Amino acid sequence: LFENYGIPIYETHGEGGTIISGPNDLDVALVLDRNDWDVIKSNYLIEALAQMVKKYLPNHTIEIDNNDILCDGKKIIGATTGEVGSKLLYMAHISFYDFSALAEILCDKDSSKTPGCVPAELSRATLLEEIESYFK
């Protein structure tokens, strides 16, 4: 089915559901040594991203639901953890394009979250600048 749409499938060695990614979406990853993982809580990145999103979208309801960020009840950011060798990864995918119609075709119908995308008030460039500034 995925091949019919020309969609490549990539294994990220993380846990979680299906993520449909487009050319304007943004992926962020923290790569940590195992020793740092004990210092930085597993929700560190998702909480930081939620605060950034809230700053630019004050007229929307932003909430954290496990490893995801919802905007007005729709999933706009999904995060997961993973392992590569001696490194631990904390990865987040930020959707800037509405793939909900495609998700209905490709994804499990019993998904507990409705896919969405970051509202137009927050551009990819602005959020990327905020993320880069936060982690400097």
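Buried here means under 20% relative accessible area, exposed means over 50%, and partly exposed is in between (1.4 Å probe, protein chains only). This is a predicted model, where local features need pLDDT of at least 70, side-chain atom pairs count only at pLDDT 80 or more, and totals for chains, interfaces and linings use all residues. Residues are numbered from 1 along each chain as its sequence is written, and side-chain values use heavy atoms, with hydrogens and water left out.

**Salt bridges**

- A salt bridge puts a side-chain nitrogen of Lys or Arg within 4 Å of a carboxyl oxygen of Asp or Glu, and the count here is two.
- Lys55 pairs up with Glu130, with their closest N and O atoms 3.3 Å apart.
- That pair ties together distant parts of the chain, since Lys55 sits in helix α2 and Glu130 in helix α4 (residues 124–134), 75 residues apart.
- Glu130 is buried at 18% relative accessible area, whereas Lys55 is exposed at 52%.
- Lys75 and Asp68 make a salt bridge too, at 3.5 Å from N to O.
- Asp68 is buried at 8%, while Lys75 is partly exposed at 24%.
- Helices (H or I, at least four residues) and strands (E, at least two) are DSSP runs, numbered from the N terminus.

**Cysteines**

- A disulfide is a pair of cysteine sulfur atoms within 2.5 Å, and the count comes to zero.
- Cys71 is in no disulfide, and its nearest cysteine sulfur, that of Cys117, is 8.8 Å away.
- Cys71 is buried, with a relative accessible area of 5%, but Cys117 is partly exposed at 24%.

**Loop residues with positive phi**

- Asn66, in the loop between β2 (62–65) and β3 (68–71), has a phi near 60°, a positive value in a residue other than glycine.
- Asn66 is exposed, at 64% relative accessible area.
- Asp72 has a positive phi as well, near 50°, and lies in the loop between β3 and β4 (74–84).
- Asp72 counts as partly exposed, at 43%.

**A nonpolar surface patch**

- Tyr44, Tyr134 and Phe135 form a nonpolar patch on the surface, with about 260 Å² of accessible area together.
- Patches are made of residues with over 30% relative accessible area and no salt bridge, joining like charges within 9 Å and nonpolar side chains (Val, Leu, Ile, Met, Phe, Trp, Tyr) within 5 Å.
- The areas come from the Shrake-Rupley method with a 1.4 Å probe, and for residues only the protein chains shown count as cover.
- Tyr44 belongs to helix α2 (residues 44–56) and is partly exposed, at 31%.
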